[in-house]
Amino acid sequence: MKKKGILIVVSGFSGSGKGTLMKQLLKEFECYALSISATTRAPREGEENGRDYFFVTKDCFRQMIREGALYEYASYQDNYYGTPRQYVDDRLAEGKDVILEIDVQGAEKIKQRFPDTVLVFVTPPSAEELRRRLVGRGTETIEKINGRLARAVEEARFMPFYDYVLINDDLALCVKELHSIIRSEHMKARRSQELIMTLTDELAQITKGE
Ligand code: 5GP
């Protein structure tokens, strides 16, 4: 039987570069699957239904909640966002490590439901760098940028509850670090119960034969 994958939550400030980090990680390694969330917000330019999000109506989203089809959901700027359970379950059963790129509220709910989840918070090296990146995008008004920075202040309060804080300064390095965090998690003794039991049995057999 294939070993079940690990559930990983990646959160980070808007402008932390976590989206690019995810894309690069998935490009370099086949062992990961990125969960696709359902949302009631409208698609942005270049976004595709079923690739970036499942774009659904509020009625449809409420029905998913009623049917228990979501592992968690949260509202953000008048829209719902949620993690569909089927996709996550299927990929984990295949042995993939499943990454949920969700906000701090979702992270808290997932950790409560699945205490073995690894929580990773991605941040730029400094607040000034975060502001520089948000301004550098050149796509938003100063009010919008200030709104994102204000939200970052709120989100920073959750950082101490994460398992890892990952500084995204150099993308290639950050990808390597995230990959090695997850590899190390696989080697934790509490995730290796089967191996420990098999080895213990084998040792008992060998010593009996002597
Ligand atoms: P955006 O609209 O910029 O794509 O996402 C807004 C926020 O919603 C981001 O912080 C993103 O991580 C979060 N988000 C996306 N999908 C989910 C989800 O399934 N659950 C929760 N709780 N947050 C999500």
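**Notes on the predicted model**

1. H179 is buried, with a relative accessible area of 16%. The model is a predicted one, and the cut-off for buried is under 20% relative accessible area, so H179 falls on the buried side.

2. Where does H179 sit? H179 belongs to helix α7, which runs over residues 171–186. Leaving aside residues up to four places away in sequence, H179 is in contact with L25, F29, C31 and Y32.

3. R137 is partly exposed, at 43% relative accessibility. R137 lies in the loop that links α5 (127–136) and α6 (142–156).

4. Which residues does R137 touch, not counting those up to four places away in sequence? They are S14, G15 and R148. As for K58, R137 is 79 residues from it along the chain, and the C-alpha atoms of the two are separated by 30 Å.

5. In Y53, a side-chain N or O atom is 2.6 Å from an oxygen atom of the ligand. In R41, a polar side-chain atom lies 2.7 Å from a ligand oxygen atom. G82 contributes through its backbone: a polar backbone atom of G82 is 3.0 Å from an oxygen atom of the ligand. How much of the ligand's accessible area does the protein cover? On its own the ligand has 510 Å² of accessible area, and the protein covers 90% of that.

6. On the fold as a whole, the protein has eight helices and nine strands. Its C-alpha trace spans about 75 × 40 × 30 Å along the principal axes. Of the 210 residues, 38% count as buried, and H179 is one of the buried residues.

7. Contacts in the protein between residues at least 6 apart in sequence include 68% that join residues at least 24 apart.

8. The protein exposes about 12,600 Å², and carbon and sulfur atoms supply 54% of that area. As for charge, there are 32 positive and 33 negative side chains. The centres of these two sets lie 2 Å apart.

Methods. Residues are numbered from 1 along each chain as its sequence is written. This is a predicted model: local features need pLDDT of at least 70, side-chain atom pairs count only at pLDDT 80 or more; totals for chains, interfaces and linings use all residues. Side-chain values use heavy atoms; hydrogens and water are left out. Helices (H or I, at least four residues) and strands (E, at least two) are DSSP runs, numbered from the N terminus. Buried means under 20% relative accessible area, exposed over 50%, partly exposed in between (1.4 Å probe, protein chains only). Contact means heavy atoms within 4.5 Å. Accessible areas come from the Shrake-Rupley method with a 1.4 Å probe; for residues, only the protein chains shown count as cover. Lys and Arg count as positive and Asp and Glu as negative; His and the chain ends are not counted. The place of a charge is taken as NZ of Lys, CZ of Arg, CG of Asp or CD of Glu. A polar contact is a pair of N or O atoms within 3.5 Å; within protein, one must be able to donate a hydrogen and the other to accept it, and residues adjacent in sequence count only if both atoms are side-chain atoms.
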